Amino acid sequence: MTPGRLITIEGIEGAGKSTVARWVCEWLQRRSVSAQLTREPGGTELAERVRRIVLERGSESVSATAETLLMFAARDIHLVNLIGPALARGDWVVCDRFTDATRAYQGAGRGVDAAWIEQLAARVHGGLEPACTLLLDLPVAVGLARAKSRRDGACDRFEAETAAFFERVRAGYLALARREPRRIQLIEASASLEDVQRQVAAVLSRLTAAGGGA
Ligand code: T5A
């Protein structure tokens with residue numbers, strides 16, 4: 001059986017990742033590709049519990065080190081219980097955020113040592129890398145305004161961060177895209193949803209035509 005492919009969707013808050021992730025799944029399913037939608041941190045019952053811990057604004061402070069370890073703990077659980085088995089069955093997995101989020105948020109945003117993040121990634125991924133990453137890029141102010149308009153309650157720990165933090169995260173993502181231009185496909189996400197879908201469809205067409213390599 002041909003193994004499935006992992007597609008990850010990345011970007012700052014409000015970039016449209018969840019919207020695009022659902023659309024990518026539907027695009028694949030319309031072409032008879034079995035695709036599963038999931039997200040990080042989370043994706044399984046236990047990993048979603050870790051998500052609640054890492055996102056909630058409690059009275060205790062959470063260091064950047066603890067945050068990084070919690071992200072990778074949730075990712076390990078997700079890979080073992082959901083992503084790995086789905087890929088082994090031949091399904092494609094569409095994941096709303098993955099390790100590039102740790103590189104951008106904890107690495108570029110919080111200043112966590114990049115080499116340590118790569119050590120954790122090597123350990124947790126066990127050789128798996130996304131076949132393709134869609135990086136939805138847009139100005140921080142536009143993303144934050146979209147995220148705010150959609151939010152129905154209090155902000156989580158990340159949403160409460162400053163614009164300067166999200167500028168570092170965005171710059172971190174763009175640096176990753178420059179480093180890995182084959183895997184990371186830049187999508188101009190301040191465009192209309194129809195235009196974003198057109199850009200994404202072009203990437204997916206190349207990906208499926210190439211049998212999964214970007
Ligand atoms: N995190 C996560 C880390 O720090 N490290 C890690 O390793 C990982 C995995 C939670 C947080 O976890 C952090 C980063 C995050 O802060 P999350 O819930 O996935 O992660 O992140 P959020 O960015 O908070 O998710 P949002 O739901 O806010 O943003 P999305 O998914 O990017 O945006 P979406 O699709 O919900 O769209 C937002 C609004 O914009 C509209 C939508 O309809 C919606 O109303 N919209 C558009 N409007 C106009 N034009 C377009 N093109 C539009 N696309 C969407």
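Author: The protein carries 29 positive and 26 negative side chains. Lys and Arg count as positive here, Asp and Glu as negative, and His and the chain ends are left out. Each charge is placed at NZ of Lys, CZ of Arg, CG of Asp or CD of Glu. On that basis, the centres of the two sets lie 3 Å apart.

Some ground rules apply. This is a predicted model, in which local features need pLDDT of at least 70 and side-chain atom pairs count only at pLDDT 80 or more, while totals for chains, interfaces and linings use all residues. Residues are numbered from 1 along each chain as its sequence is written, and side-chain values use heavy atoms, with hydrogens and water left out.

Take one of the positive residues, arginine 110. It sits in the loop between H4 and helix H5 (114-125). Helices (H or I, at least four residues) and strands (E, at least two) are DSSP runs, numbered from the N terminus. At 25% relative accessibility, arginine 110 is partly exposed. The scale is this: buried is under 20% relative accessible area, exposed is over 50%, and partly exposed is in between, with a 1.4 Å probe and protein chains only.

What does arginine 110 touch, leaving aside its neighbours within four places in sequence? Its contacts (heavy atoms within 4.5 Å) are Ala64, Glu67, Tyr105, Arg157, Phe158, Glu161 and Phe165. Proline 139 is another matter: it is 29 residues from arginine 110 in sequence and 19 Å away in space, C-alpha to C-alpha.

Arginine 97 is buried, at 13% relative accessible area. Serine 32 also has a positive phi, near 65°, and is likewise a residue other than glycine. Serine 32 belongs to the loop between helix H1 (17-30) and S2. There the side is open: serine 32 is exposed, at 71% relative accessibility.

Proline 41 lies in the loop between strand S2 (35-39) and helix H2 (45-55). Why pick out such backbone values? Because most residues other than glycine have a negative phi, and most peptide bonds are trans.

Now the cysteines. A disulfide is a pair of cysteine sulfur atoms within 2.5 Å. The count by this rule is 0. Cysteine 95 is in no disulfide either, with the sulfur of cysteine 25 as its nearest, at 10 Å. Cysteine 25 is buried, at 5% relative accessible area. Cysteine 95 is buried too, at 0%.

Helix H3 comes next. It covers residues 64-88 and holds leucine 70. Leucine 70 is partly exposed, at 24% relative accessibility. At 43% relative accessibility, threonine 65 is partly exposed. Its C-alpha lies 30 Å from that of threonine 19, 46 residues apart along the chain.

Finally, the whole. The protein has 8 helices and 5 strands. Along the sequence they follow the pattern β-α-β-α-α-β-α-α-β-α-α-β-α. The radius of gyration is 16 Å, close to the 17 Å that the globule rule gives for 214 residues, so the protein is as compact as a globular protein of that length. That radius is taken over C-alpha atoms, and the rule is 2.2 Å times the number of residues to the power 0.38. The C-alpha trace spans about 50 × 35 × 35 Å along its principal axes.

Of the 214 residues, 49% count as buried. Among contacts between residues at least 6 apart in sequence, 79% join residues at least 24 apart. The accessible surface comes to about 10,100 Å², and 53% of it belongs to carbon and sulfur atoms. Accessible areas come from the Shrake-Rupley method with a 1.4 Å probe, and for residues only the protein chains shown count as cover.
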